[in-house]
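This report concerns a single protein chain.

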Amino acid sequence: EPYLGIYAYDGSVMSYVNHDIKLSEGIYIESIIEDGPASETELKKGDIITKIDNTSVNKMCELQAYIFGKNVEEEIILTIKRDNKEKQVKIVLGEK
């Protein structure tokens, strides 16, 4: 099955995991899996994924459902927020 290679949380979990971060939208990247697809991009801990191929995501289940609907080796574009700036990152899905 296709995967991104990240550990991440949405707003419903974030308050339990880290009280210092207030997540009003998107999905917070907690860490990048070594040698996973995301490790070959500029994604890093603290980035907030707001869109995947122009589709807004605010819940992990939305992100997972979108990824599972794709194919391994397919390229997607994540829109992320970092330091209050929006940025787009291309990522080729790997196989889990």
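The sections below describe a predicted model.

## Overall fold

The chain contains two helices and eight strands, arranged from the N terminus in the order β-β-α-β-β-β-α-β-β-β. Its radius of gyration is 12 Å, close to the 12 Å that the globule rule gives for 96 residues, so the chain is as compact as a globular protein of that length. The C-alpha trace extends over about 35 × 25 × 25 Å along its principal axes.

Of contacts between residues at least 6 apart in sequence, 52% link residues at least 24 apart.

## Surface and charge

The accessible surface amounts to about 5,900 Å², and carbon and sulfur atoms account for 44% of it. Of the 96 residues, 39% count as buried. The chain carries 12 positive and 18 negative charges, whose mean positions lie 7 Å apart.

In soluble globular proteins, nonpolar side chains tend to be buried together. Here the largest nonpolar core has 19 residues, and Leu4, Ile6, Leu43, Ile49, Ile76 and Leu78 touch the most other members. Elements that give two or more residues to this core include strand E2 (6-10), helix H2 (60-68) and strand E6 (75-82).

Beyond its neighbours within four places in sequence, Leu4 is in contact with Pro37, Ala38, Leu63, Ile67, Ile76, Leu78, Ile91 and Leu93.

## Ala8

Ala8 lies in strand E2. With a relative accessible area of 13%, Ala8 falls under the 20% limit and is therefore buried. Apart from neighbours within four places in sequence, Ala8 is in contact with Ile27, Tyr28, Ile29, Glu30 and Met60. Asn54 is 46 residues from Ala8 along the chain, and their C-alpha atoms are separated by 19 Å.

Key. Residues numbered from 1 in each chain as written. Predicted model: local features only at pLDDT ≥ 70, side-chain atom pairs only at ≥ 80, totals over all residues. Heavy atoms only, no water. Core = buried A, V, L, I, M, F, W, Y, C linked by side-chain atoms within 4.5 Å. Buried < 20%, exposed > 50% of the residue type's maximum accessible area, 1.4 Å probe, protein only. Helix = DSSP H or I, 4+ residues; strand = E, 2+ residues; numbered from the N terminus. Contact = heavy atoms within 4.5 Å. Rg over C-alpha atoms; globule rule 2.2 N^0.38 Å. Areas by Shrake-Rupley, 256 points an atom, 1.4 Å probe, with all protein chains shown as cover. Lys, Arg positive; Asp, Glu negative; His and termini not counted. Charge placed at Lys NZ, Arg CZ, Asp CG, Glu CD.
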